[in-house]
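Student: I would like to learn how to read this structure. Please take me through a few features in turn.

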Amino acid sequence: MKPLTIVSSRTPAGPLLEVAGDLDHSNAQQLRRAAAGAVLSAGLLLVVDLGELGFCDSSGITALIAVRNHVVAAGAGLVLVAVPETLRRLLSLTGLDQVFDLRDSHRLQAY
Amino acid sequence: MSPGAADDPGVETPGTRPAFSSLLEDSAEDLYESAPCGYLSTLMDGTIAKINATLLGWLGLSREEVVGRKRFSDLLTVGGRLYHETHFAPLLRMQGHLGGVALEMRTAAGPRLPVLVTSTLKRGSDGEPLLIRTTVFDATDRRVYEQELLRARRAADEAREQAEADRAQLREALAVLQRSLLPAALPDLPGVETAGYYHTASPMELGGDFYDLFPVDDTRTAFFLGDVCGKGPQAAALTSLTRYTLRAAMIQDADPVDDLSVLNRALMERYTGDDPRFCTAVAGVFERAGDTLRVRLASGGHPPALVLRSGGTAEYLRTRGGMLVGVLPTAQFTEVSTVLRPGDTLLLYTDGLTEARVGPGRRLYGYEALLAFAAARAPVGSRALVDALTGLLRDFGDGLDDDTALLAIGVPATP
């Protein structure tokens, strides 16, 4: 089990969360808190970089949905970038690939 | 030789300075008489030859009553006397020494005095036993301490029994709740063979898987199987809401896509914002047409159903696009249909099966392995398929750490 680390920073488009390590029921709350702590307003984009994400179970999925609910309530947008293949398959199986905006890279200039 | 003379207390160590000696003890005689423990010497028949004042004081007896008149065992309670005669005296004679034996003495005033007794056999120069020297320690404090220990131990035993009883009661309550989330038995339907199975990962945790199958009218039967996210009482509450919402929706209008939409709305209303809760589910309806079953089913983010054909093949029924139930108000669900002919079997399962860990590398069991397992057994009836999968789950051992539900629906092969 790799410990979860979440690094917050800001980009011109909005807040950036870089999530690394394993996301499960023991630490999913951390991701929710990090998103709740991000300053969001209408028109901004929260970018969550999952490039270094390891294992992600249903609690992790729940946390991502909670993050999305928080972002949508603020009138902002959410983008998941560099989503690992296993999570991508899980999101596809659960139909969540239609809910989340998935991008391959986090070249922020693109936004 | 008189017993008293034979058992004289020792003389002062030569060379001990008198001033120092008198500071410590007035005399050896006084040390003997007023020692903080009881002393007595008895002849080999038990007759008391010498006894110190401390012990006489404890017993409330005078020297005249005791010396030459009583035997050591006369000073003991009935139980103590019995023990003395049967164990203490014979062992002492054999070993020459016996220490720390707990006995009870009778006092003149009535109360028993718990004591610890140590005896040594004194032998003459020819090796013949001459007399027995005995020290007696007041063990009242120690007895109180032992009783405290016993009481504490009894209290601990009772607490443990209570905890075990509480645990058993909780387990029973959980089992009743768990059963309420599943059908007691699947209905008997003419020309259809059904089988269900539920594997509980932990008896102390309510699982989050569910399934059901029930007739909605004379020709149609509804069924569903799913998995709520999470475990424990909150997951069970969600499971309960899910099961009864779906059941009511399907009895009202057996349309798989509409029914999942009803469930989606119910979950969205109940769980919102920061505490999203959702489930994956497959809901379906089948209807007899001749000797076949026409099956329509819809999936909400659930692993694809598997069909085992009479020809010995197996395939997944792809339901792509069906979304997790309870996440988005506008969730879309997709319907697929298939026809089950004699010898065909449809299998619904939860991801406890495909996400079990197998082998030394603890890799995921996965969809391909399940497909191969099914194909190797096709054609197979519902009961036999569920039995085979139950065996597979058992073989997973501790690689299976999630609840798993299985539901199979098939048309028996025509002979």
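Predicted model: local features only at pLDDT ≥ 70, side-chain atom pairs only at ≥ 80, totals over all residues.

Tutor: Residues are numbered from 1 along each chain as its sequence is written, and chains are lettered from A and ligands numbered from 1 in the order in which they are written.

Student: How many helices and strands does chain A have?

Tutor: Helices (H or I, at least four residues) and strands (E, at least two) are DSSP runs, numbered from the N terminus. Chain A has three helices and five strands, in the order β-β-α-β-α-β-α-β from the N terminus.

Student: What percentage of chain A is buried?

Tutor: A residue is buried if 20 or more other C-beta atoms lie within 10 Å of its own, exposed if 12 or fewer, and partly exposed in between, with C-beta atoms placed from the backbone. Of the 111 residues in chain A, 41% are buried.

Student: How many residues of chain A are in contact with chain B?

Tutor: Two residues are in contact if their C-beta atoms, placed from the backbone, lie within 7 Å. Twelve residues of chain A are in contact with 13 residues of chain B. H2(A) supplies the largest share of chain A's side, six residues.

Student: Which residues have the most contacts inside the largest nonpolar core?

Tutor: A nonpolar core is a set of buried Ala, Val, Leu, Ile, Met, Phe, Trp, Tyr and Cys residues joined through C-beta atoms within 7 Å. The largest one has 104 residues, and those with the most contacts inside it include A:Val67, B:Ala283 and B:Leu407. Helix H2 (residues 58-73) of chain A gives the most to this core, with seven residues. A second, separate core has 16 residues, among them B:Tyr39 and B:Leu103.

Student: What does A:Val67 touch?

Tutor: Leaving out residues up to four places away in sequence, A:Val67 touches A:Leu31, A:Arg32, A:Ala35, A:Val48 and A:Leu78.

Student: How is a pair of packed helices described?

Tutor: By the angle between their axes and the distance between the axes. Axes are lines fitted to C-alpha atoms, for helices over the stretch in contact, and angles run from 0 to 180 degrees between N-to-C directions. In chain B, the axes of helix H8 (residues 232-252) and helix H9 (residues 256-270) come within 9 Å and cross at roughly 140°. Angles under 35 degrees count as roughly parallel, over 145 as roughly antiparallel, 65 to 115 as roughly perpendicular and the rest as oblique. H8(B) and H9(B) are therefore oblique to each other.
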